[in-house]
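Please read the following report with the sequence and the structure side by side, and try to find each named residue as it comes up.

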Amino acid sequence: MSARIYQRPKNAMQSGKALLDQWILEFAPAEAKKPDPLMGWAGSGDMQQQVVLRFPTCDDAKAYAERYGIEAEVHPTPPRRLKIQAYADNFR
């Protein structure tokens with residue numbers, strides 16, 4: 001069982017920064033999704049894909065993965081780049 005640990009990215013459609021300090025542990029899919037013969041929806045029998053664990057720090061997420069023998073890969077958060085500009089720059 002493998003998983004990935006990452007920090008939630010900021011939503012590009014909103015300016016709020018709520019819940020960005022949480023670290024998330026998601027399990028990797030164990031089997032490929034296949035279409036349902038009746039409805040055509042994609043699905044699988046893998047229940048681990050539905051589990052999303054949230055932690056306050058990266059170290060807590062790593063400790064949880066080690067405690068339960070989960071192979072976890074940490075994806076570092078990319079640095080945020082701010083584009084500083086004045087309102088008057090829109091009219092140049």
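In this predicted model, Ala61 is in contact with Ile5, Leu25 and Phe55, once its neighbours within four places in sequence are left aside. These four residues all belong to the largest nonpolar core, which has 10 residues in all and also includes Ala3, Trp23, Phe27, Cys58, Ala65 and Ile70. At least two residues of this core are supplied by each of strand E1, strand E2 and helix H1, the helix that covers residues 58-67.

After H1 comes Gly69, which has a positive phi, near 70°.

A positive phi is also found at Leu19, where the angle is near 65° although the residue is not a glycine. Most residues other than glycine have a negative phi. Leu19 lies in the loop between strand E1 (2-7) and strand E2 (23-27), and with a relative accessible area of 47% it is partly exposed.

The next topic is the aromatic rings, of which three pairs are found in a search of the whole structure. In one of them, the ring centres of Tyr64 and Tyr68 are 4.8 Å apart and the planes are at 50°, so this pair is tilted. In another, the ring centres of Tyr87 and Phe91 are 5.4 Å apart while the planes are at 75°, so this pair is edge-to-face. Tyr64 is partly exposed, at a relative accessible area of 22%, whereas Tyr87 is exposed at 64% and Phe91 is exposed at 62%.

Charged side chains form the last topic, and the count here comes to three salt bridges.

| Salt bridge | Closest N and O atoms |
|---|---|
| Arg4 and Glu26 | 3.4 Å |
| Lys34 and Glu31 | 3.7 Å |
| Asp89 and Arg92 | 3.2 Å |

Where in the chain do the partners Arg4 and Glu26 lie? Arg4 is in strand E1 and Glu26 is in strand E2, 22 residues apart, and the pair therefore links distant parts of the chain. Both partners are partly exposed, since the relative accessible area is 36% for Arg4 and 23% for Glu26. In the salt bridge with Lys34, Glu31 is likewise partly exposed, with a relative accessible area of 35%. The partners Asp89 and Arg92 fall into two classes, for Asp89 is partly exposed at 32%, while Arg92 counts as exposed at 79% relative accessibility.

Methods. Residues numbered from 1 in each chain as written. Predicted model: local features only at pLDDT ≥ 70, side-chain atom pairs only at ≥ 80, totals over all residues. Heavy atoms only, no water. Phe/Tyr/Trp six-rings, centres within 6.5 Å; stacked < 30°, edge-to-face > 60°. Buried < 20%, exposed > 50% of the residue type's maximum accessible area, 1.4 Å probe, protein only. Helix = DSSP H or I, 4+ residues; strand = E, 2+ residues; numbered from the N terminus. Core = buried A, V, L, I, M, F, W, Y, C linked by side-chain atoms within 4.5 Å. Contact = heavy atoms within 4.5 Å. Salt bridge = Lys/Arg side-chain N within 4 Å of Asp/Glu carboxyl O.
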